[in-house]
Amino acid sequence: MQNIDRRNFLKWSGVLTIGFTLPSMGKANPLNSMLTDTLAGELNAFVVITKDNKITIFNPRPDMGQGSTQAMPMLIAEELEVRLEDVHIVSTTGAKKHGGQGAGGSTSVRTKFKTLREAGAQAREMLTEAAAKRWGVPIDECYAENGQIIHKSSKKAVKYGDLVEDAAKLEVPKSPKLKDPKDFKLIGKSLPRLDVPTRVNGTAMYGIDAKIEGMLYAVVLHSPVIHGKIVSIDDSAALKVAGVKKVVKIERALPHKTIDAVAIVATNTWAAIQGRNALKVVWDNGDFDKVSTADYFKNIHSAVKNREGGYTNKDAKGDVKAALAKAKKVVTGEYETPFTAHAPIEPENCTAWVQGDKVEIWAPTQGPDWLMGTVAEKNGFKPENIKVNPMLLGGAFGRKAYFDFVCEAVDLSKKLNAPVKLMWTREDDLMQGPVRPGMVYGLRGGLDENNNLVAYENRIAGGLLGWQLGKTPPEKSDDSWAEGVKQEDSPYDIPNRVQIFHLEDTHIPIVWWRSVYTSTNSFAHECFMDEMAHAAGKDPLQFRLDLLKEEPRFANVLKFVAEKAGYGKPLPAGQAQGIAVAHSFGSTAAYVITVSRQGAGVKIEKVVAAIDCGIAINPDNVKAQTEGNIVMGLSAALKEPITIVNGVVQQTNFHQFTPLRIYEVPPMEIHVIPSTEQPGGAGEPGLPPVAPALCNAIFNLTGKRVRTLPFDLANLG
Amino acid sequence: MAKYTLNINGKPTILEAEPNMPLLWALRDIIGLTGTKFGCGMSQCGACTVHLNGSPVRSCSVPLSQVKKGKITTIEGISTDTNHVVQQAWIAEQVPQCGYCQSGQIMSAVALLKSNPKPTDADIDNAMSGNLCRCGTYQRIRKAIHLASDMLKENGGKMEMPKGVKTASSMKG
């Protein structure tokens, strides 16, 4: 519920006497209020209407800034025929009846588009039937509008709340009739997000704002060399710090291994931080102090150079080796992308309260159900004894679907036998991982005598998330490592085409980062497609379109952005444009970026984007997400690598890890392509084509091909 | 421990804390004003921006001993009903995504408009350069500051909008 106007919620929260303690206001014993299975006035798992006409809609996807607080309820409200202003929105808390509740992979709208509309339609049909019965009229003479059922001819009207008792007794329709999209009143409109006011006046409650009576505060000392083991703890000085209560050894459970950490517990966060500064721990680093990103890159550059072994992706086709041997011209290119951090401005934090065999958790989590599974496994609680209060997330980008910080808080509360808020500082966030894996790409392309692209080989080397997180080998990873560049995502018609993965096993904790493998794959792939276009002597846009004759929807995104950006038209002297496209998470985005010369480098004059995400639930929010993707994509291309030397991350805070600031952000223009197709994702697909469009523009302007990220825009060398 | 009477959002607030405790943690952990956010602890991200005697400061780096009788304004204190022109402009432009950094962004923007009611893009870049937004809302922040500047002029230079004027649609265009 933290997503809605809190005052309104407080006014009516008494109605639902079970389940919904305010996340931030833990009462004497919140564990007595575990969510029960059925609520009064529950028409289905997502719609609850009470007799006093309060309408509650459940949002099954946590909001990390992507707008699920609006998009999910809109789907229900559309079919339920209510205005969002008139309903209360409550976050789900992991209960099975709400289905999958993880926000990740830009899946919210595309997986819930049908089911949530059905939930709204079910309730609408039940209410309509109840009204028809009451009036003794045929159902088809009644319709729903604005929270009421209306009888067409007599104009009699009855509010949902007056019908709910009767409606709840009716059978839930299995396949309710969904509205024709042309009748949509909410979907497709750029309606203001109703939670925005709470995000500009300080009342929105993020994980870090959780507060429960009697709560202690903790920060954690992690081993600077990730995976270091505790040899000894000297807490004498730490315990002398005013406010410090205790120093406790705790476990940091990564998905694949559990490592040591030490919590400093105090009466406030500042005291805990001071205590940490005074704490002395001797660590046994084993061989982990030999881990370095430089060695990692050396290994994977060798792997793609040697061209031996590796795992071939499933949709490989033709005989690339033979085709390359026969080709008139062969082009090679080796690309590198860095490790990078998510760095949400709200650092990882969790408030936990273990009481006996039960635990209640307040956390910024990308998935309350995922979190429950992890806590059950790592901390040893029965799922039914775990209560999760999903708080707003102050950014996440994949990081807050990795629950090491939650497991730490639960472990600490258990050991303290008290409620505790455990907070990571920026140093923990940047220096402890997990991070996006660094990748290297070895590409070869072959042109025939007519300059047609006849062979394409992409050797992709680096860490494999599934392998580290769950020992899933490449052959069982559904070619996740080839996302964005495999045939189904990048449908260029190339007769001989292969992606080959070289797994680099690494101790560096790695995880998904906004748009995951596509975020790096597309850089190499789309820059290399440009290299091939230039080698063929063709315009890069035309070269791509020639390979997309059977893919009109994909090609249209390129054409659309090209037209909007005036691609191919004369530019002012000293300017050039670059183009790139990528399909990921169900949507296709393309960019034209214009650059100009500036000293030894270039300046980005403008970024123009087009995105085809099918039906856009809220086009303005799709734009907002794309704006964010431009900034994050540019940050990752131009700034912020994470580097590790002797096992230690070298970037400790925002003075060394430097996402773009306002004065570095170029003008941008986003076009959401009108569509009646099924919705795709919106939170991630806008990111991957940013870096290649920029680097393709730089090549067109300067003749210099950027193959390694990040690079210095002000000095191209 | 020392006893302080801080002037926060126009109200005297008594608390006991260590003199070296940054204002941020006093606001958040002791006083319970959690609208001011923690992001870095070293004046790099601006999420903790508040006003001290009208000027923006990073509260993570201002110890209580330095605050003294200074007037502190936090995000909770800039308007009575979310009706500050900057808040209204932020709503009209739908600036926030996750919103976590926006308290700090807004405090910086309010301070900018106080000293410079008609800022240029360069003025905005300069005044807002200390505030990071990882969601990438910078383009909308820029637009919203220009809008707030226009609203300020229409509102006779008063920072708080009259009651009732608060929907996004009434702000736009």
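In chain B of this predicted model, B:Ile8 stands opposite B:Lys11, a residue of strand β2(B). Strands of a sheet pair through backbone hydrogen bonds, and they may do so in either a parallel or an antiparallel manner.

The sheet to which these strands belong is an open one of 5 strands in chain B, ordered β2-β1-β5-β3-β4, and its pairing is mixed. Its edges are formed by β2 (11-17) and β4 (55-58) of chain B, each of which pairs on one side only. From one strand to the next, the twist averages 40°.

Helices lie against this sheet. Helix α1 of chain B, residues 23-31, lies across β1, β2 and β3 (49-52) of chain B, and its direction is at about 95° to that of β2(B). Helix α4 of chain B, residues 102-115, also packs on the sheet, where it touches β3 and β4 of chain B and makes an angle of about 35° with the direction of β3(B).

Chain B contains 7 helices and 5 strands, and when read along the sequence they follow the pattern β-β-α-β-β-α-β-α-α-α-α-α. The radius of gyration of chain B is 16 Å, close to the 16 Å that the globule rule gives for 173 residues, so chain B is as compact as a globular protein of that length. Along its principal axes, the C-alpha trace of chain B spans about 55 × 30 × 25 Å. Of the 173 residues in chain B, 57% count as buried, and among the contacts in this chain with a separation of 6 or more, 62% are between residues 24 or more positions apart.

One of the helices, α6 of chain B, deserves a separate look. This helix runs over residues 138-154, and its 17 residues reach 24 Å from the first C-alpha to the last, which is close to the 24 Å expected at 1.5 Å a residue. Is α6(B) mostly covered or mostly uncovered? It is mostly covered, with 12 of its 17 residues buried; among the buried residues of α6(B) are B:Tyr138, B:Ile141, B:Ala144, B:Leu147, B:Met151 and B:Leu152, but also B:Gln139, B:Arg140 and B:Arg142. The cover over these buried residues comes from both chains, including α16 and β27 (668-672) of chain A together with α3 (85-92), α4 and α5 (121-128) of chain B. Just after α6(B), B:Gly156 takes a positive phi of about 65°.

Some backbone features of chain A remain to be described, beginning with the cis peptide bonds. One such bond joins A:Gly433 and A:Pro434, with omega about 0°, and A:Pro434 has its place in the loop between α11 (426-431) and β19 (439-447) of chain A. Another cis peptide bond joins A:Leu709 and A:Pro710, with omega about -5°, and A:Pro710 is found in the segment after α17 (690-702) of chain A.

Positive phi values also occur in chain A in residues other than glycine. Phi of A:Glu81 is near 60°, and A:Glu81 sits in the loop between α2 (68-80) and β4 (87-91) of chain A. Is A:Glu81 buried or exposed? With 24 C-beta neighbours inside 10 Å, A:Glu81 counts as buried, because the cut-off for a buried residue is 20 or more other C-beta atoms within 10 Å. For A:Phe585, phi is positive at about 50° although this residue is not a glycine, and its place is in the loop between β22 (575-584) and β23 (587-598) of chain A. A:Phe585 is buried, as 26 other C-beta atoms lie within 10 Å.

Methods: Residues numbered from 1 in each chain as written. Chains lettered and ligands numbered in written order. Predicted model: local features only at pLDDT ≥ 70, side-chain atom pairs only at ≥ 80, totals over all residues. Helix = DSSP H or I, 4+ residues; strand = E, 2+ residues; numbered from the N terminus. Rg over C-alpha atoms; globule rule 2.2 N^0.38 Å. Contact = placed C-beta atoms within 7 Å. Pairing = 2+ DSSP bridges. Axes fitted to C-alpha atoms, helices over the stretch in contact; angles between N-to-C directions. Expected span 1.5 Å × (residues − 1).
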